Amino acid sequence: MSLLEAKKALGKKAASLVGNGMIVGLGSGSTAECFIASLIDRVQNEGLSIQTVSSSRRSAELAEKGGLTVADINDIPRIDLTVDGADEIDPLKRMIKGGGGAHLREKILASASTELVIIVDESKWVPSVGRGKLPVEVLFYGSPATRMKIEQLGYKGHWRLTSDGSIFITDNGNLIFDVEFDAPPHLPEQVNEDLIHIPGVLETGFFFNLAGRVFTGYADGRVELSKGK
Ligand code: 5RP
C-alpha cells in the first residue's frame, strides 16, 4: 500500500467523525485534501448536511467543486471539528505546520474549534519538533526589517520561493520565512516566544496544546488513534 493509500484511509476515518449539522474546519495539504474528498463523498452519497470553513483558497476550491458549502469564516465564530495534517508531530503532540504556507489560517480555525483532529502518516512523527524548517508568516510591509530582527536573535533561514523561483505569497498576501535549525531546539516554546513578539511576525508554524485526537496512517493501510508516543 502506498503513502497515498494511507492518506486516503486517514481521510476516510476523519470524515467518519463528522456528524449532521456540524460546522467543519478544512485544513490544507495533501492529507487534508483526502479528508475533503471523503467528506464530499459522504455529503453526496449519505445526504450528510454540514457547513465548512476553509484554511486556504485551495481547500475551499476543492470543497466547493465537490458541492460542499464553504461559509465565510467571518460569519462563523465557532467550529465543531477541524481536520488537518501536520509536517511534524512529537510525543507531546507539539506540531510544526505550514508546509503549504497556510498555518496562520489553520491556527485560527484550530483555536476556534471544539476539537482539532490531526491526521498524519507515520513519517510525520519525530522525537521532538524542529527536525525540518519552521515556517514563519511575515507581514509584507517592512519584511526586510522583520527578517533582520529574526536573524539578530540567531535564527537562520530564507524567504520561501515557489517552484518557478518567484517569491511565495500566502493567501493573506504575506511572505514565509522558513527558519532552519541545526538541530531540533531544546525548548520550542521559547523559540516561539522569541519570534512571535517581533513586530511583523504574524504567526509561527508551531502548534502547541491544540491537537485533539491524532490519527496515524501506516503504509499497510492501518489507521491508529495515537496517544502520543
Ligand atoms: C499546510 C500544512 C499541512 O497540513 C502540512 O504541510 C502537511 O501537509 P501534507 O499533508 O501534504 O504532508 O500545515 O500549511
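Okay, let's start with the ligand: the space it takes is the largest pocket. By pocket I mean an open set of points on a 1 Å grid over the protein atoms alone, with protein on both sides within 12 Å along at least five of seven lines. A molecule sits in one if more than half of its atoms lie within 2 Å of its grid points.

Quick caveat: this is a predicted model, where local features need pLDDT of at least 70, side-chain atom pairs count only at pLDDT 80 or more, and totals for chains, interfaces and linings use all residues. Residues are numbered from 1 along each chain as its sequence is written, and side-chain values use heavy atoms, with hydrogens and water left out.

So who's around the ligand? There are 17 residues, and the closest are Ser30, Thr31, Asp87, Gly98 and Lys124; being near takes a heavy atom within 4 Å. By class that shell has two nonpolar, 10 polar and five charged residues, with Gly counted as polar.

Now the polar contacts, meaning pairs of N or O atoms within 3.5 Å. Ligand oxygen atoms lie 3.0 Å from a polar backbone atom of serine 28, 3.4 Å from a backbone N or O atom of glycine 99, and 3.3 Å from a polar backbone atom of glycine 100. How much of the ligand does the protein bury? Taken alone the ligand exposes 380 Å², and 90% of that is buried, using the Shrake-Rupley method with a 1.4 Å probe.

Which elements give two or more residues to the shell? Helix H2 (30–46) and helix H4 (103–111) do; helices here are DSSP runs of H or I, at least four residues, numbered from the N terminus.

Technical notes: Polar contact = N/O pair within 3.5 Å; in protein donor to acceptor, adjacent residues only side chain to side chain. 1 Å grid on protein atoms, 1.4 Å probe; cavity = no way out; pocket = protein on both sides within 12 Å on 5 of 7 lines; lining within 4 Å.
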